Amino acid sequence: MTGRTSRMLAAIASLFACACADVTGDGTPVAEVTVSATRVDVSLGGTVSLSVSVLDESGRALTGQPVHWASNDPRVARVGTDGVITGVGGGATTVTAEAGGRSARVNVNVTVAFVWVGPGLFHTCGATVDGFIACWGTNSSGELGDSTIFSSRTPVLAQASPRFVVTDGGGTQSCGLAEDGRAFCWGANWSAQLGRGSFDRQVHPSPQPVPGPWIFDAITVGDRHGCGLARDGTIACWGGGFSGQLGVTGATTQCPAVNEPCNTTPVPVEAVSAFASVDAGEEHTCGVGTDGVAYCWGENSEAQLGDGSVTDRAVPTAVAGLLSTQRVSAGGSHSCGLTTTGVAYCWGSNAFGQLGVDPPVSSTTPLPVAGNIRFVEISAGHEHTCGVADDGVAYCWGSNQFGQVGSGTGGTALQPEPVTGTITFTFIRAGAYHSCGIATDSVTYCWGWNNAGQLGTGPGFTQPVPTPVAGQSP
């Protein structure tokens with residue numbers, strides 16, 4: 001070996017030694033990195049601040065040493081350069097603080113608790129006890145609202161502010177209602193279903209306010225439209241109106257993507273009554289007037305409007321005979337209502353037993369649901385229906401192809417069947433092919449089809465029984 005080669009190898013070795021040594025900028029070796037906690041619990045949307053100490057071999061703190069923070073799963077928890085952790089998704093991960101080649105790990109558990117849940121087509125959104133919105137499932141159109149188009153099988157934070165009280169999932173869009181009554185929507189907008197004053201083929205993965213002076217008490221989302229109930233009892237709808245689901249005789253715009261009339265911003269429905277509630281189905285909408293009369297409008301090819309005909313209606317039309325109603329729910333090709341005495345009625349298509357009537361026939365007018373059950377909640381899905389009885393027992397009926405009835409068995413349920421287990425519920429909603437409910441102990445459960453993660457339970461294709469949404473405290 002020549003002297004020149006020897007000197008070159010020595011120089012290279014010296015460079016590697018400098019790169020690998022655990023030293024600070026002034027040459028003092030870093031012996032240990034410690035963090036103020038080895039485990040932290042943080043609620044979804046919440047924050048926790050960690051402090052870090054960088055020590056030499058004698059245990060003396062080394063000041064001015066740069067610390068690099070990193071999260072192992074940024075869709076569960078994010079960490080800033082200042083050591084502040086934000087919970088952005090239900091579940092567990094680790095956060096690491098690194099300095100001078102040494103590191104310390106913190107186990108992070110992000111918890112979530114819901115007060116409202118709104119299942120859509122292949123996704124679900126929920127409003128948390130802290131006023132945040134979390135969504136899960138498919139996200140190809142940005143319907144999860146987390147500023148990405150990456151799907152998630154567990155809840156992810158949609159937006160940290162303002163505070164939300166209600167949310168609902170539709171076909172490829174979602175909307176939420178803030179505490180101050182403002183509506184926000186996100187996702188697809190080809191039929192102006194975001195109500196933002198325009199239509200386009202773009203993805204809108206972050207919640208944006210619905211413009212205008214509207215202050216709502218309730219919000220609901222259909223396949224390509226949305227509606228809000230204003231504080232004066234007016235219902236205003238926006239989005240696609242191909243079948244008349246917007247409740248107006250002439251929409252303001254034509255949306256070319258699906259060649260249908262549409263309203264790009266909320267427009268009041270043409271009604272003779274003030275309303276107390278509203279619910280958007282796939283291609284029709286229903287509401288309850290302050291006088292207790294149920295009204296529906298939009299597509300009626302399967303008699304889902306309940307007016308005794310199969311003629312589409314562009315304006316609210318009274319449901320035949322349903323005069324003392326506390327709630328009405330619009331599904332796919334059927335609808336259901338709940339009287340003030342807790343009697344459930346359904347009408348429209350009964351191809352899969354979704355009316356729950358005996359004998360199992362379709363009907364152009366309301367028929368009482370079989371079983372003599374007194375309900376406090378009812379919700380119509382695509383081809384199934386769910387309700388909560390006055391004793392907290394949940395029942396579902398109709399198509400059970402993907403386990404959405406929650407009975408634990410296959411086959412169509414022609415009449416109400418108890419949801420499997422001893423869980424009692426206060427709240428229930430039927431989505432397209434899955435169902436979700438909030439139990440009396442405040443735990444949220446979902447069941448049915450999970451092809452896109454819309455149950456929020458993690459892996460698995462279907463869940464035929466209620467399964468807790470991930471990230472909740474045991």
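Is Thr-444 buried or exposed, and at what relative accessibility? A few notes on that residue and its surroundings follow, with the reminder that this is a predicted model.

1. Thr-444 first. Thr-444 counts as buried, at 0% relative accessibility, and sits in strand β37. Leaving out residues up to four places away in sequence, Thr-444 touches Phe-114, Gly-437, Ile-438, Thr-467, Pro-468, Val-469 and Gln-472.

2. Now the sheet around that strand. β35, β36, β37 and β38 line up in that order as an open sheet of four strands, with antiparallel pairing. The edge positions belong to β35 and β38 (462-468), each of which has a single partner strand, so one side of each is left without a neighbour in the sheet. From one strand to the next, the twist averages 10 degrees.

3. Four bridges join β37 and β38 in the antiparallel sense.

4. Next, the aromatic residues. The count comes to 17 aromatic pairs. One to look at is Tyr-433 with Trp-449, an edge-to-face pair with 5.6 Å from centre to centre and 85 degrees between the planes. Tyr-433 belongs to the loop between β35 (425-430) and β36 (434-439), while Trp-449 belongs to strand β37 (residues 444-449), so the pair ties together parts that are 16 residues apart in sequence. Tyr-433 and Trp-449 are both buried. Together with Phe-122, Phe-402 and Phe-461, Tyr-433 and Trp-449 form one aromatic cluster.

5. On to the nonpolar cores. The largest has 36 residues, and within this core Leu-50, Ile-85 and Val-108 touch the most other members. At least two residues each come from β1 (32-35), β2 (39-43), β6 (77-79), β8 (91-99), β9 (102-111), β10 (114-119), β12 (133-137) and β36. Of these, β9 gives the largest share, four residues. Apart from this core lies another, of 27 residues, including Leu-338, Val-369, Tyr-395 and Ala-439.

6. Not counting residues up to four places away in sequence, Leu-50 touches Val-35, Ser-36, Ala-37, Val-40, Trp-69, Asp-82, Gly-83, Ile-85 and Val-106. One of these, Ile-85, is named with Leu-50 among the residues of the largest core that touch the most other members.

7. Here is a hairpin to check. β14 and β15 form a hairpin, with three residues between them. Strand β14 (residues 164-169) pairs with strand β15 (residues 173-178) in the antiparallel sense over five bridges. Within this pairing, Val-166 has Leu-177 in β15 as its bridge partner. Five of the six residues of β14 are buried, so this strand is largely enclosed by the rest of the structure.

8. Last, a loop residue. Asn-350 is found in the loop between β29 (344-348) and β30 (363-368). What is the relative accessible area of Asn-350? The value is 7%, and Asn-350 is buried because buried means under 20% relative accessible area. With neighbours within four places in sequence left aside, the contacts of Asn-350 are Leu-355, Gly-356, Val-357, Pro-360, Val-361 and Ser-362.

Conventions
Residues numbered from 1 in each chain as written. Predicted model: local features only at pLDDT ≥ 70, side-chain atom pairs only at ≥ 80, totals over all residues. Heavy atoms only, no water. Phe/Tyr/Trp six-rings, centres within 6.5 Å; stacked < 30°, edge-to-face > 60°. Buried < 20%, exposed > 50% of the residue type's maximum accessible area, 1.4 Å probe, protein only. Core = buried A, V, L, I, M, F, W, Y, C linked by side-chain atoms within 4.5 Å. Contact = heavy atoms within 4.5 Å. Pairing = 2+ DSSP bridges. Axes fitted to C-alpha atoms, helices over the stretch in contact; angles between N-to-C directions.
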